[in-house]
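Open the model in a viewer and keep the sequence panel at hand. The stops below go from one selection to the next.

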Amino acid sequence: MNDLERLLAIEEIKQLKARYFRFVDTKDWEAYRSVFADDVVVDVSASVPNGLVTGGDAAVELARRSLAGDVTSVHHGHCPEIEIVSLTQARGIWAMEDRLSWGTASAFPGQTMHGMGHYTETYEKTDRWRIKTMKLTRLRCDFQPGGSAD
């Protein structure tokens with residue numbers, strides 16, 4: 001792999017992760033599924049109950065369940081460290097920040113969460129780059145309680 005091919009692969013992976021964030025925040029579950037390898041392993045178990053799943057459909061269902069109802073999320077990824085291992089394999093670490101807000105129709109009206117940490121990932125290229133493994137490690141997570149759900 002030459003330098004130009006390596007840079008192109010890195011940019012394609014950055015675009016992949018940008019789509020990941022946009023699709024989860026817009027709750028576009030069909031498009032969200034497209035960012036994962038069929039046999040992806042997702043581990044967000046430190047933040048989400050039952051948060052270790054295998055398979056693209058299971059990854060979508062995990063996110064759908066976590067963001068169900070009147071919940072708005074905003075996810076950002078920063079400072080990617082991407083290493084191209086081969087023509088079809090790569091790994092990366094992303095600093096991340098997310099904010100979730102529960103609306104008035106939710107079980108936790110007015111509650112907010114602000115999280116910071118890292119995604120550690122591997123990628124696989126078939127027809128295009130996809131997330132093969134993903135682990136979320138939070139360094140900090142701040143909650144602000146809302147009102148009661150009377």
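A residue counts as exposed when its relative accessible area is over 50%, as buried when that area is under 20%, and as partly exposed in between. The model is predicted.

Select Asp57 to begin. Its relative accessibility is 58%, so Asp57 counts as exposed. The structure holds twelve salt bridges.

Next, select Asp98 and Arg138. Here the closest N and O atoms of the salt bridge are 2.8 Å apart. Asp98 belongs to strand β4 and Arg138 to strand β6, so the pair ties together parts 40 residues apart in sequence. Is each partner buried or exposed? Asp98 has a relative accessible area of 2% and is therefore buried, whereas Arg138, at 22%, is partly exposed.

Then pick Arg140 and Asp142. They form a salt bridge too, the closest N and O atoms being 2.9 Å apart. Asp142 is partly exposed, with a relative accessible area of 28%.

Turn to the largest nonpolar core, which has 38 residues. The largest share, eight residues, comes from α1.

Stay on Ile131 and display its surroundings. Apart from neighbours within four places in sequence, Ile131 is in contact with Leu16, Tyr20, Val35, Phe36, Ala37, Val40, Glu121, Thr122 and Tyr123.

The last stop is Ser45, in the loop between β1 (36–43) and β2 (52–54). With 43% relative accessibility, Ser45 counts as partly exposed. Show side chains for Ser45 and Asp43: a polar contact of 2.5 Å joins them. Beyond its neighbours within four places in sequence, Ser45 is in contact with Gly51 and Leu52. Finally, draw a C-alpha to C-alpha distance from Ser45 to Leu136; they are 8.1 Å apart in space and 91 residues apart in sequence.

Definitions and conventions: Residues numbered from 1 in each chain as written. Predicted model: local features only at pLDDT ≥ 70, side-chain atom pairs only at ≥ 80, totals over all residues. Heavy atoms only, no water. Helix = DSSP H or I, 4+ residues; strand = E, 2+ residues; numbered from the N terminus. Buried < 20%, exposed > 50% of the residue type's maximum accessible area, 1.4 Å probe, protein only. Contact = heavy atoms within 4.5 Å. Polar contact = N/O pair within 3.5 Å; in protein donor to acceptor, adjacent residues only side chain to side chain. Core = buried A, V, L, I, M, F, W, Y, C linked by side-chain atoms within 4.5 Å. Salt bridge = Lys/Arg side-chain N within 4 Å of Asp/Glu carboxyl O.
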